[in-house]
Amino acid sequence: MRSDDQQHASMWTTLSPEETVPADHPLRPIRKMVNDVLATMSPDFSKLYSKRGRPSIAPEKLLRSILLQAFFSIRSETLLLEQLRYNMLFRWFVGLGMDDAIWDVSTFSKNRERFLRGEISDKFFAAVVEIARENNLASDDHFTVDGTLLQAWASHKSFKPKNDDDNPPSSGRNPDVDFTGTTRKNDTHESTTDADARLYRKSRNTASVLGYLAHALMENRNGLIVGIRTTRATGTAEREAAIELIRGVGGARRITLGADKGYDAAAFVEELRAMNVTPHIARNLSRRSAIDERTTRHAGYEASQRKRKRVEEIFGWAKATANLRQVHYRGLRLVSETVRWTSIAFNLVRLRNLGVA
């Protein structure tokens, strides 16, 4: 018998978000790892909050919400909070009940700023990397480094001379601008929208954009991120960040570092060797390469050249899934924070796929 198309409203329900999520849902092992990390960080959270006043958003719920943005390509906090109003999967992952009220956007943003002061993302990232090492999933000897360009949340029109007080303001909200015949450089120009963004061109075949550089240090066993940095976009930033990243994992033992031919510079290679790091860098044959047969004759060099290409999977996931192709925050501080949480999300997904629960 055909049923009537009617929507029945119940006076109450005993259904909880937990019951709406299948037992084999792929977010379940990720949530378990996240909860284990959060439990160890409770003392760090306590230092950030006053013992008096009204209770704020629970930091554990806030951090789970930030991870959801990367997992599900949510481009803004406004859209995230909108999803939390009706998405039972999101409510379950964050730890909200059916009747719990959703926070205001300004309250969410203000509490998120609190974590910048406590370096919470650094500690969370280190704890996730430690999970990989405890499960023998991360190499301690073989690494790859690479950088990628992130487009800033600023337009070319905002890139103006630093001493532009003498010019009259443009008429209209979005005036036409002609850059023909003008020379614009980071030394003389600055974005009025995002002062930390820099005009940068990745190669001769690409256009210049205002952006930042994100640098990832990947271990070669399973392609996990073990180091992450975000810098202003300059011509030497990639090699400088690589030295900083590899210094954080190096020690008395000899390790290897793979990289593309953009890192084939004599000064960089010499500095790596001084740090007891074997440079498994692709040779730049368009000029005199700093990598010779002392390195290339070994089988390990060829293995590193194959493995290093996996670092592109990290940047591809970050840009395609986590909406990091163009950052939605302004300033190096906030952009760095976003990149770090995206790296945490990538590692959690990777660990889940490797069977960690």
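Tutor: Leu63, Ile66, Leu67, Ala70 and Phe71 in helix 4 meet Trp341, Ile344, Ala345, Leu348 and Val349 in helix 14, where contact means heavy atoms within 4.5 Å. By class, this contact of helix 4 with helix 14 has ten nonpolar, no polar and no charged residues, with Ala, Val, Leu, Ile, Met, Phe, Trp, Tyr, Cys and Pro counted as nonpolar, Asp, Glu, Lys and Arg as charged, and the others, Gly among them, as polar. The model is a predicted one, in which local features need pLDDT of at least 70 and side-chain atom pairs count only at pLDDT 80 or more, while totals for chains, interfaces and linings use all residues. Residues are numbered from 1 along each chain as its sequence is written, and side-chain values use heavy atoms, with hydrogens and water left out.

Helix 4 spans residues 59–71 and helix 14 spans residues 332–353; helices (H or I, at least four residues) and strands (E, at least two) are DSSP runs, numbered from the N terminus. The axes of helix 4 and helix 14 come within 9 Å and cross at roughly 75 degrees, the axes being lines fitted to C-alpha atoms, for helices over the stretch in contact, with angles from 0 to 180 degrees between N-to-C directions. Helix 4 and helix 14 are therefore roughly perpendicular to each other, since angles under 35 degrees count as roughly parallel, over 145 as roughly antiparallel, 65 to 115 as roughly perpendicular and the rest as oblique.

At 2% relative accessibility, Val128 counts as buried, a term for under 20% relative accessible area, whereas exposed is over 50% and partly exposed lies in between (1.4 Å probe, protein chains only). Val128 and Val34 are 94 residues apart in sequence, yet 8.4 Å apart in space, C-alpha to C-alpha.

Turning to the loops on either side of helix 4, Ala58 lies in the one between helix 3 (42–46) and helix 4, and with a relative accessibility of 28% Ala58 counts as partly exposed. The C-alpha atoms of Ala58 and Lys160, 102 residues apart along the chain, are separated by 42 Å. In the loop between helix 4 and helix 5 one finds Ser73, whose phi is near 55 degrees, a positive value in a residue other than glycine. Ser73, at 34% relative accessibility, likewise counts as partly exposed.
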